[in-house]
Amino acid sequence: MRVMVDTFDYVIIGAGSAGSVIAARLSEQPDIRVCVLEAGPSDLHPYIHLPAGFIKTFYNPRLNWCYSMEPSEWTGGRRIFAPRGKTLGGSSSINGHIYNRGQRGDYNTWAQFGNRGWGYADVLPYFRAMENRMGEADSTYRGRSGPLTITDIDWNNPLCEAFIEGAVSIGIPRNPDYNGRVQEGVSYAQRTIFRGRRVSAATAFLRPAMRRPNLEVRTRAHVSALVLEGKRAVGVRYFKGGRGGPSQEVRVRREVILAGGAYNSPQILQLSGIGAPEHLRELGIPVKHALRGVGENLRDHYAPRFSARVKNATTINERVRGLNLAKEVLNWAISRRGVLSLSPTLVYCFWRSEPSVANSDLQLTFTPATYKEGVQGQLDDHPGMTTAAWQQRPDSKGYVRIKSNDPFEAPIIQPNYLKEESDRRVLLSGMKLARRLLRTKPLEPYFAFEEFPGPGVQTDDELLDAAKQRGTTTFHPGGSCKMGPSHDPYAVVDDHLRVHGIEGLRVIDASIMPTMLSANLNAATLMIGAKGADMVMGRPALEPIHTPDPAGVEA
């Protein structure tokens with residue numbers, strides 16, 4: 001069968017959070033041609049755009065890669081479900097809508113590892129430029145005129161107010177903007193929802209750019225390998241329509257940009273013969289370029305959830321059943337408000353595992369709802385509330401490795417949750433704080449009893465066993481194509497996101513993060529896409545913005 005070959009200036013693999021931004025930025029220049037290859041379908045499914053529809057896309061294989069992680073000791077031998085978006089907008093089209101940048105120290109750490117231009121002062125202007133922040137905000141830190149609309153929770157619930165008041169009562173201050181001067185404190189979540197609809201990377205960046213004649217987006221294009229000539233990437237092979245579909249090829253005049261995400265970017269590199277030589281040889285894949293770090297350094301947040309039965313209040317659980325659900329549907333249809341317009345998490349809390357910690361290392365969430373078996377896929381039948389806690393900057397590292405040379409076979413994903421004792425120590429502190437927050441005086445009128453792990457679980461060993469039983473991903477994988485200088489044996493890309501040793505190839509997505517952020521990762525992935533696009537085009541970086549840190553030192 002003849003392979004169809006087209007030629008563009010740039011080919012972007014993946015129309016997810018970073019890929020959507022890159023495509024929009026590159027296509028601003030009318031004299032270049034840009035092609036985007038997306039394995040999934042278009043983003044027309046109505047559940048993508050309904051905020052509460054994330055529950056319906058959670059297990060939908062048409063819109064979701066539906067990966068499964070390898071068992072490990074600290075997951076009790078369980079395989080943990082790992083959803084990833086498979087549509088225009090990628091995971092920003094199926095995620096929990098949260099907008100959370102992380103701490104200034106996260107980015108300064110990246111720079112200290114030898115990644116020039118990635119300190120907080122360097123990335124802040126990119127965050128500001130892409131934001132359309134609604135509500136009160138300090139313009140030093142927040143943007144008002146960008147394409148990405150960010151709003152506050154607009155739904156009042158006595159349980160949320162009581163949780164926040166309870167946090168304040170034990171010394172955790174209210175923070176009006178955890179994406180501003182300092183992250184630490186408790187507040188309602190900021191989210192990418194506007195007028196009752198999801199604001200994905202596709203709706204904010206890609207779809208407006210698709211009106212341009214120099215941008216072509218190809219859906220249902222499953223990439224099988226990069227085309228290499230010596231040590232240069234010159235194109236991409238893919239199957240149109242999935243397994244059994246015709247094989248096609250796209251050639252590039254300038255660069256291939258890999259934006260498949262923390263799981264798919266290392267998978268594609270390895271399928272193309274770029275990776276650890278011994279692993280590739282075991283699978284019979286010719287080694288085109290030895291790069292040991294491909295697929296290594298994977299990090300993710302691991303969270304056990306505490307659930308409690310609620311009394312004297314109505315929770316989301318009851319609002320989405322029977323006649324109540326019909327009322328909520330009508331409310332959303334008329335006003336774009338109500339529980340169908342909500343993110344799954346309503347309140348965020350950032351605090352320290354112990355007083356000596358300089359910056360908050362715990363992230364806690366609260367929502368007036370509970371899920372069966374603790375997994376965000378199906379709500380309980382009775383009134384409940386949930387708080388989750390996780391260590392923000394885990395030391396444990398895992399990996400992503402292909403199983404064979406079949407591009408349709410899911411990769412091996414082993415995050416090695418809690419492998420490092422330091423992560424278990426911080427998580428224990430977080431679990432104890434989560435339990436304490438559910439038992440504060442302001443929540444007392446609504447707290448009936450703790451359902452999971454239950455009052456019989458008290459010792460450190462018992463709590464860790466509970467984490468083994470029901471802990472799960474928070475859907476924040478990153479780091480598997482680490483950014484770092486060439487002398488780092490596990491660095492995959494340099495600080496301009498060019499793959500070490502290969503010309504014409506960059507990786508621009510969450511996989512390049514050298515360390516885990518104290519945050520959900522979607523906001524930073526969008527920023528990486530914008531900053532990476534400037535690097536591709538050879539544009540000067542946005543002027544750094546130096547701001548005083550909480551200790552009064554400019555950074």
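1. Helices and strands are named here from DSSP runs, helices having at least four residues and strands at least two, with numbering from the N terminus. In this predicted model, that naming places Pro453 in the loop between β25 (447-452) and α13 (460-470). The peptide bond joining Phe452 and Pro453 is cis, with omega at about 5 degrees.

2. As to overall composition, the protein chain contains 14 helices and 27 strands. Its C-alpha trace spans about 70 × 50 × 50 Å along the principal axes. A compact globule of 555 residues would have a radius of gyration near 24 Å, and the value of 23 Å for the protein chain agrees with this.

3. Burial and surface may be taken together. Of the 555 residues, 63% count as buried. The protein chain exposes about 20,700 Å², and carbon and sulfur atoms supply 50% of that area. Among contacts between residues at least 6 apart in sequence, 69% join residues at least 24 apart. The chain carries 68 positive and 56 negative charges, and the mean positions of the two groups are 5 Å apart.

4. Strand β12 (residues 221-229) deserves attention. Eight of its nine residues are buried, so this strand is largely enclosed by the rest of the structure. Its partner is strand β13 (residues 232-240), and the two pair in the antiparallel sense over eight bridges. Within this pairing, His222 stands opposite Phe239 of β13. The two strands form a hairpin with two residues between them, and Gly230 in the turn has a positive phi of about 65 degrees.

5. Which faces of strand β2 (residues 34-37) are covered? Both are: Val34 and Val36 on one side are buried, as are Cys35 and Leu37 on the other. In a regular strand, side chains alternate between the two faces of the sheet. Strand β2 pairs with strand β11 (residues 215-218) in the parallel sense over four bridges. Val36 has Val217 of β11 as its bridge partner.

6. A further sheet is open and consists of three strands in the order β5-β6-β8, with mixed pairing. Strands β5 (131-133) and β8 (190-191) stand at the edges with a single partner strand each, so one side of each is left without a neighbour in the sheet. Between strand β6 (residues 148-152) and β8 the pairing is antiparallel, over two bridges. Here Thr151 stands opposite Arg191 of β8.

7. Phe163 lies in helix α6 (residues 158-169). Is this residue buried or exposed? Its relative accessibility is 0%, and since anything under 20% counts as buried, Phe163 is buried. Setting aside residues up to four places away in sequence, Phe163 touches Val186, Val347, Phe366, Thr387, Leu437 and Leu443. Phe205, by contrast, is 42 residues from Phe163 in sequence and 35 Å from it in space, C-alpha to C-alpha.

8. Ala262 belongs to helix α8 (residues 261-271). With a relative accessibility of 5%, Ala262 counts as buried. Beyond its neighbours within four places in sequence, Ala262 is in contact with Leu298, Val400, Pro477, Gly478, Ser480 and Ser511. One of these, Pro477, is 215 residues away from Ala262 in sequence, yet the C-alpha atoms of Ala262 and Pro477 are 5.9 Å apart in space.

9. Phe475 has a positive phi of about 70 degrees although it is not a glycine. For Leu497, also a residue other than glycine, phi is positive and near 70 degrees.

10. Leu497 is buried, with a relative accessible area of 0%.

Terms used. Residues are numbered from 1 along each chain as its sequence is written. This is a predicted model: local features need pLDDT of at least 70, side-chain atom pairs count only at pLDDT 80 or more; totals for chains, interfaces and linings use all residues. Side-chain values use heavy atoms; hydrogens and water are left out. Buried means under 20% relative accessible area, exposed over 50%, partly exposed in between (1.4 Å probe, protein chains only). Two strands pair if DSSP finds at least two bridges between them. The radius of gyration is taken over C-alpha atoms; the globule rule is 2.2 Å times the number of residues to the power 0.38. Contact means heavy atoms within 4.5 Å. Accessible areas come from the Shrake-Rupley method with a 1.4 Å probe; for residues, only the protein chains shown count as cover. Lys and Arg count as positive and Asp and Glu as negative; His and the chain ends are not counted. The place of a charge is taken as NZ of Lys, CZ of Arg, CG of Asp or CD of Glu.
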